[in-house]
Amino acid sequence: MTITDMPQTAAPDTPASHPPGRVSDAPEKASSAARNVSSPDKRKTIKPTRDRLMTALSLVAAIGGTLVGVIGFAMSYSTLAKVALSWGFSEELAPWFPVGVDASIIAFLALDLYLIRKSTPWPLLRMAAHAMTGATIWFNASSQGQISTDPVQAASHGVMPILFVIGVEAARRLIIQKARLEAGTVTDRIPLHRWILSPIATPRFYRRMRLHNVTSYPEMIRRQQELIAYEQWLKRKHNGDLSKATDDEKLPMKMAAYGYTVSEALALPHQQEREAEARAEEAERRRLDAETRREVAQKKAEADRLEADGELEAVRARVEGQTAQARAQAQAQASAAERAAELEEVALETALIAEARAREAEAERKEADEREAKAAADVRAAELERQAAEKRRLAAEADRVAAAEAQAIETAEIAEARQRAAEADQAAAETEKAAAETRRRAAEADRLTAEENERKATADANTQAARRREAEAEKAAAETRLAAAEIERRAVEIEDAAKLTPRERAVRKVARMALTAGAVIVDRDTDGAHRELCRFISIADVQREVDVSSTDTASKYRQEAAALLAEGYRPQQ
């Protein structure tokens, strides 16, 4: 493009790092010449050779570093053991002094390398290892006496630990660089010649790379070139007066200090507008969602209210049905009791009439038997009287004959006949006496029969009175049940009007059960009311009446009913 053309913005998927743009024509020609010279076959040949060389160098470095370390530690061990012995350590502890010093160096350096490998470095370990290394160097250098006396000899004893630390630092640098390569966080170094040729601008350049995490030095060069080119284009557009440029046009210069490229800075207004539109759309969506949730909540509340009204109507209908059923049952029971009383009364009257008739028939039968016995006794008495009369006649005939004969002559036969006549008179007297005894016994039987009939009549009257009283008691019980059903109906209507909960209805029903059963409740005496309810109403009665299976719930209902009665609850009579 020419200097007067507007630079294009970068596409969203443009990589963050680009190869450096050309500064002059010479680099491009050189690079094109290099590309023409190199070929794919040659690169394939060079790469295995390079890998073999690196492997060989790694082996040499590893073997050499290990050898230097072993030699250094061996020399240090011997020297420090002698120093420790000269410093007053015992012969047993003196050999352990160099082991502790050198082992601490190895341990600290190994742990530092391990933490670096795990991307959690701790600088204190490195400083501690260097401090112990410095102490080892000082101990080895001073083992031959004063350092100032023979510095060359002192340096020869301290050079081996220094070489070992250098080797470890090289390994540490290699591990850190490998970890950065694996993580993609390798930061390019600014060439030394730039620091020399541009000592003032380079620190600012370095600062921008570190602050904005730009790891590629060519990428930073490209950004700077784009910014300078854009600034020159803007000056040319406004004839060298940048004050005429709009705020959006000045954005690349303002945002460069914050790590934005020219394309990113120019795209900021459009991006912010899109984000603002997205935020507005999100706010509108949230508002619509809130309105939708509010409408759903309102409809759900309306549905719950309608459902509650339906449940209330269902409960009211069920209670009214139960009340009507209880009223019908009470009326039916009262009618049945009245009908049963009437039937019992009719049956009682019928039974009394039948029993009276049976008693009359029995009395008539007994009277007939008595008359028959009396007639039989009269017949026997008449027969005896006839026999006695016959005997008297015979005696009179005998007397007449005897008298006739006496007139002629009194003989022994006449005397004998008179004796037989006297015996006949005696037998007739005894027969008369037996007939009188029979009549007396018949009269006594009549008296006993009359007394028995009187006792039976009294017992029948008592039975009739008892049955009449039983019918009256049944009728009174039916009337009581009818009155209780009416009280229950009115109480249910009052509870419906008060919109009581099912639990409150159940408690009041238990209280009405207690009052119907005859419980006497004293106001403000909850304990006494509970004892009275326990005396008249059992847990099973409460379970049956309020249709609950839990005895604990039934007991709580009874306790709450006692408290309610103690507070003065009485259903409307």
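**View 1. Asn 239 lies in the loop between helix H8 (217-237) and helix H9 (247-255).** Helices here are DSSP runs of H or I with at least four residues, strands are runs of E with at least two, and both are numbered from the N terminus. The model is predicted: local features need pLDDT of at least 70, side-chain atom pairs count only at pLDDT 80 or more, and totals for chains, interfaces and linings use all residues. Residues are numbered from 1 along each chain as its sequence is written, and side-chain values use heavy atoms, without hydrogens and water. Asn 239 is not a glycine, yet its phi is positive, near 60°. Its relative accessibility is 72%, so Asn 239 counts as exposed (exposed is over 50% relative accessible area, buried under 20%, partly exposed in between; 1.4 Å probe, protein chains only).

**View 2. Asp 547 sits in the loop between helix H14 (539-546) and H15.** Phi of Asp 547 is also positive, about 60°, in a residue that is not a glycine. Asp 547 counts as exposed because its relative accessibility is 70%.

**View 3. Helix H12 (residues 502-517) crosses helix H15 (residues 551-566) at roughly 70°, with axes that come within 8 Å.** Axes are lines fitted to C-alpha atoms, for helices over the stretch in contact, and angles run from 0 to 180 degrees between N-to-C directions. H12 is therefore roughly perpendicular to H15 (65 to 115 degrees; under 35 is roughly parallel, over 145 roughly antiparallel, the rest oblique). Residues in the contact include Val 507 and Ala 511 of H12, and Tyr 557 and Leu 564 of H15 (contact means heavy atoms within 4.5 Å).
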